[in-house]
There are 2 protein chains.
Amino acid sequence: MSEGKPKIVEVGEKVLKANDKVAAELRQSYSDNDVKGVFNLISSPGAGKTSLLENIVPRLENPAIIEGDIATSRDAQRIYELTDRVVQINTRGACHLDARMVSGVFPDFSLAGVDYLFIENVGNLVCPTGYDLGEDHKIAVISLPEGEDKAAKYPGIFREATICVVNKIDLEPYCGVNIDRLEEDILNVNPELKLFRVSCETGEGIDELVEEIKK
Amino acid sequence: MSEGKPKIVEVGEKVLKANDKVAAELRQSYSDNDVKGVFNLISSPGAGKTSLLENIVPRLENPAIIEGDIATSRDAQRIYELTDRVVQINTRGACHLDARMVSGVFPDFSLAGVDYLFIENVGNLVCPTGYDLGEDHKIAVISLPEGEDKAAKYPGIFREATICVVNKIDLEPYCGVNIDRLEEDILNVNPELKLFRVSCETGEGIDELVEEIKK
């Protein structure tokens, strides 16, 4: 049994290499379709990825959304209220999206005329980080009630992301979490990360985030 | 590349079988040491597992704690304020604890005289579920701000757990989440689950949870 661990690592590398190949094909396809920006949203369950999309989608021209969940199509149904350019992937137990799953939605789901593509990953702050989906940017979403110390304890996504959304800032007076300290912890892990303080309840900070996405 | 998926499944099964063997050894060791109860705490990052332990530990005789984190020993340091019977496992990137990692803390970390052993898993609502650590009970922890629909979207842990703690209920007036609907969603997945409404801030519900643990 002692050789169990090296085996896992080896297969893990193979899987990631296979993923990278499909991700490169996806990237080419996004480019061929003149998609201006592709964003991979990663967070813990319940940090507010879908609520964020509900706020962002109406402010952008020609958005499309791929929803990733282990089960249910609840998120896609929520987005469908705003646009019919949405598709749900159910991973059937898998803890992250991989490039092959995303690839599987095309060509039924057309990218023609899409300017901004959002991929909402499975709610998981750890595993989705390693899987390239051909995106331009990973957006890390963290909600204030999760606490000040998450970046130090789960550094992977904060290293990989280029944009970080601190959501649910309207709860600051009630949840005993200090936004400045939370952001300091994040910037300790990655000083280059662009931070946006947002409340999907009050709409605070959404405009600034949308401006960044349009860049 | 088309054979990538079957390969992963096969290795996954091997890994889980190897894990089950070590978990059985752990279970035997807990029994040999007359540990009354072993609890594996599983939740998203920031749901409040460590805060819960800070509330529970002082109310139990002879507790011991194994802390699992990808990085840092912050959680173990917090618990160390209450008892020196705590050890930190750093998984170095891995998204869950497995039985071998837990096994690695013994015999340096002694179980002699321990009545209750708590294993705080890596913050991840998905991956830790499949790895038996020899525990008697899995405790699922969900915090109110995560939303009402988590059990349907991440059913695995709610199926496997015997106890479910709904934490941060003091935030109900502010976060727009209805506890009754959240619990209904959980019980739809697993009607046998014992639910406890808790606030680590106000102490509400802690006594009832401690009584259950003592059983």
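**Close-up 1. Pairing of strands β5 and β6 in chain A of the predicted model.** Strand β5 (residues 137-143) and strand β6 (residues 163-167) of chain A pair in the parallel sense over 5 bridges, where two strands pair if DSSP finds at least two bridges between them. Helices (H or I, at least four residues) and strands (E, at least two) are DSSP runs numbered from the N terminus. Within this part of the sheet, A:Ser143 stands opposite A:Asn167 in β6(A). In this predicted model, local features need pLDDT of at least 70 and side-chain atom pairs count only at pLDDT 80 or more, whereas totals for chains, interfaces and linings use all residues. Residues are numbered from 1 along each chain as its sequence is written, and chains are lettered from A in the order in which they are written.

**Close-up 2. The sheet of chain A.** The 7 strands form an open sheet with parallel pairing, in the order β3-β2-β4-β1-β5-β6-β7. Its edge strands, β3 (86-90) and β7 (194-197) of chain A, each pair on one side only, and the twist averages 20 degrees from one strand to the next.

**Close-up 3. Helix α8 on the sheet.** Helix α8 (residues 179-189) of chain A lies across β6 and β7 of chain A and runs at about 155 degrees to β6(A), with axes fitted to C-alpha atoms, for helices over the stretch in contact, and angles running from 0 to 180 degrees between N-to-C directions.

**Close-up 4. Chain A against chain B.** Here 39 residues of chain A are in contact with 39 residues of chain B, contact meaning that C-beta atoms, placed from the backbone, lie within 7 Å. The largest share of the side of chain A that touches chain B, 7 residues, comes from α1(A).

Conventions
Contact = placed C-beta atoms within 7 Å.
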